[in-house]
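Here is my note on the model you sent.

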Amino acid sequence: MNGTTTFDLPIGGMTCASCAGRVERALGKVPGVQSVSVNLANERAHIEVLGPMEPAVLIAAVDKAGYTATLPQTETKTDADQAQRLHRERWSLLFAILLALPLVLPMLVEPFGVHWMLPAWVQFALATPVQFILGARFYIAAWKAVRAGAGNMDLLVAIGTSAGYGLSIYEWLTAPAGTMPHLYFEASAVVIALILLGKYLESRAKRQTASAIRALEALRPERAIRLQDGREEDVAISALVLNDLVLVKPGERFPVDGEVVEGQSHADEALISGESLPVPKQPGDKVTGGAINGEGRLLVRTLALGAESVLARIIRLVEDAQAAKAPIQKLVDKVSQVFVPAVLVIALATLVGWWLYGAPLETALINAVAVLVIACPCALGLATPTAIMAGTGVAARHGILIKDAEALERAHEVSAVVFDKTGTLTSGTPKIAHLAAVDGNESLLLQQAGALQRGSEHPLAKAVLDACSEQHLDVADVSASQSLTGRGIAGTLDGRQLALGNRRLLEESGLSAGDLAGSAKDWEAEGRTLSWLIEQGPQPRVLGLFAFGDTLKPGALEAVTQLKARHISSHLLTGDNRGSARVVAEALGIDDVHAEVLPADKAATVAELKKTGVVAMVGDGINDAPALAAADIGIAMGGGTDVAMHAAGITLMRGDPRLVPAALEISRKTYAKIRQNLFWAFVYNLIGIPLAAFGLLNPVLAGAAMALSSVSVVSNALLLKTWKPKDLEDRQP
């Protein structure tokens, strides 16, 4: 069976929700197309087809529907095209205002007692270029819509302004000689100028919603310094291959994902992971392309290039989320399909109704024109995608990658969060949780254990040596060091034979826990791993006891506390033993604990919890993949190395648990913006159309209201760009 192929095609000529719907339906009719999502805000179509397909087939379907489609360009080219289009729109708007202003000037000075009117031929000369040159875009798009057997915003504008312009021509030509007829040239010209103003402001605002993608794209260096045969050479990124050695100087961006081979420095990863503090880097540490090297010169071995790099995958995730269609958008799509035909019927009814009521034909026509002009479905089409683009963009800047719009929309409903333990709430590396010395000298006990573990790579040895380092204890060398397989390690220190190991070592030495039995029992109940330090020889004795355990991540307590404050319950789901799970749950205030659960059974536990509400599962994306997929919202804790965790709808770029409530918060705010935008989009039309139909709104005011509706929903969505995860920001050093 052939696989699925995905296409992302830039679409030109769309002006409203009806346009997006028509492109969607046209592409959906192409044989082999499985799904289509057209985004009005970023003017792209995301298409999934079964098996191979030439893009030309899809492009032809879009052309037939009256629009244009092209193959994806590089982001630099796309950005340049957008800037050029914005420049053209700015000049069109400027000319429209200059020509329309003299026409509307008499109306503006009339309240001050100045009764003045431009001659008819001057009004005609000013209005005609606006109507047919600057307004040509509306006629072209309207004709394409009619030819495709559908309607759009441009059709409404073209019919409405042409009616006002045509009526003015008729009144001028039929007026008795020497009289000044009542003309409506200013209405048509000002309406077009206002719509062009709205389009310009809308384009500028839409460009800002895509700023997150452009900021990420700007992180990609174009060249790198490759070290080959001892020589430094400046090469294009495309010339690099895996395992190349790349030199990164202080202040430069890392050109590739790689591993530090030589040198020490810090890396600023703020725009990639959202981490506000520089991260130390030394040989063996991973670095991410796009991050900024700090004060040191580093030699980096290339591990990932191009599409496989972390930055490229982040960009893909953000683009996919911005292109996706939220479930609430389906309602808008259904409305937009019938909106334009319904408005044409209402406008016709307005014309006929006023004429039958006995009003002059020009009054009836002007009221019908006002209906056509105000009924713009642009705001409906922009309400949802602009909010999603702004929300996903600002979330990405803070290290929260939202994979799809559905996850963004549903996350605000979460009533329960299920946490995995190891690697999610805890660090996943053992630390000394407790220690007890028989003689009470814990520092000496730690020094002796550190001497035995010196040079060992075992995780428990590292925990002992880290504790020595933190307490600034000197660690001596031992002699005759030997590994005791399955039991521990032994050596001679200052003439004494010492050994550090598990209970088996204790028993083989003929010793008992003695005074430490109570502590050992309590710590084992907590799920701790115990190690005994004993002195061997003719008179063996116990010197002390160490209890090792996983440590809580910084921010874990705050994350659970924030969720509780929002009335979201927290659950712990782990395959670890009940003792260690209970310790973590009690420390964090988590009441519901599911311990010793196999990975295959985690999904069933999540499914059971879903019966009581919307559940989010937070895990490391490996053993937790089934549970992440089973939850309503899967949240993967990433370490900045594998961000494309397919089982999760949301990926956190760094392992800070506080990003979990932050992700739910940006979801809540984004969904609130969607609802606000849809409310205002519907209200504009629900109020404006009846006012226009009853003659309470002239075409000029209707045009201003229509332009304002589109600009207001985009501007409202842009307010999301100011969001910061407040609880997180306040606590960062």
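1. Contact here means heavy atoms within 4.5 Å. By that criterion, Phe138, Tyr139, Ala141, Ala142 and Val146 of helix H5 meet Met153, Asp154, Leu155, Val157, Ala158 and Ser162 of helix H6. Sorted by type, the residues of this contact are nine nonpolar, one polar and one charged. The model is a predicted one.

2. The geometry of that helix pair is as follows. H5 covers residues 136-147 and H6 covers residues 153-174; they pack at an angle of about 120°, and their axes are 8 Å apart. Angles of 65 to 115 degrees count as roughly perpendicular and those over 145 as roughly antiparallel, and H5 and H6 are therefore oblique to each other. The crossing of H5 past H6 is left-handed.

3. On the annotation: the unreviewed UniProt entry lists "transmembrane region" for residues 91-109, 121-140, 152-170, 182-201, 338-357, 363-383, 678-697 and 703-723. I looked at two of these in the model. Residues 338-357 are 100% helix and 0% strand, with the end C-alpha atoms 28 Å apart. Residues 678-697 are 80% helix and 0% strand, and there the end C-alpha atoms lie 23 Å apart.

4. Strand S1, residues 4-12, pairs with strand S3, residues 44-50, in the antiparallel sense over seven bridges. One of the residues involved is Leu9, whose bridge partner in S3 is Ala45. S1 also pairs with strand S4, residues 68-69, again antiparallel, over two bridges. In that pairing Ile11 stands opposite Ala69 of S4.

5. Which strands stand at the edges of the seven-stranded sheet? The sheet is open, its pairing is mixed, and its order is S14-S26-S25-S24-S15-S22-S23. The edges are strand S14 (400-402) and strand S23 (592-594); each has a single partner strand, so one side of each is left without a neighbour in the sheet. From one strand to the next, the twist averages 20°.

6. Within this sheet, the pairing of S24 with S25 can be followed at residue level. Strands of a sheet pair through backbone hydrogen bonds, in either a parallel or an antiparallel manner. Strand S24 (residues 615-619) and strand S25 (residues 633-637) run parallel and are joined by four bridges. Ala616 has Ile633 as its bridge partner in S25.

Technical notes. Residues numbered from 1 in each chain as written. Predicted model: local features only at pLDDT ≥ 70, side-chain atom pairs only at ≥ 80, totals over all residues. Heavy atoms only, no water. UniProt positions renumbered as here; feature names shortened; annotations may be inferred. Pairing = 2+ DSSP bridges. Axes fitted to C-alpha atoms, helices over the stretch in contact; angles between N-to-C directions. Parallel < 35°, antiparallel > 145°, perpendicular 65-115°, else oblique. Left-handed = near helix turned anticlockwise from the far one by under 90°. Nonpolar A, V, L, I, M, F, W, Y, C, P; charged D, E, K, R; others polar.
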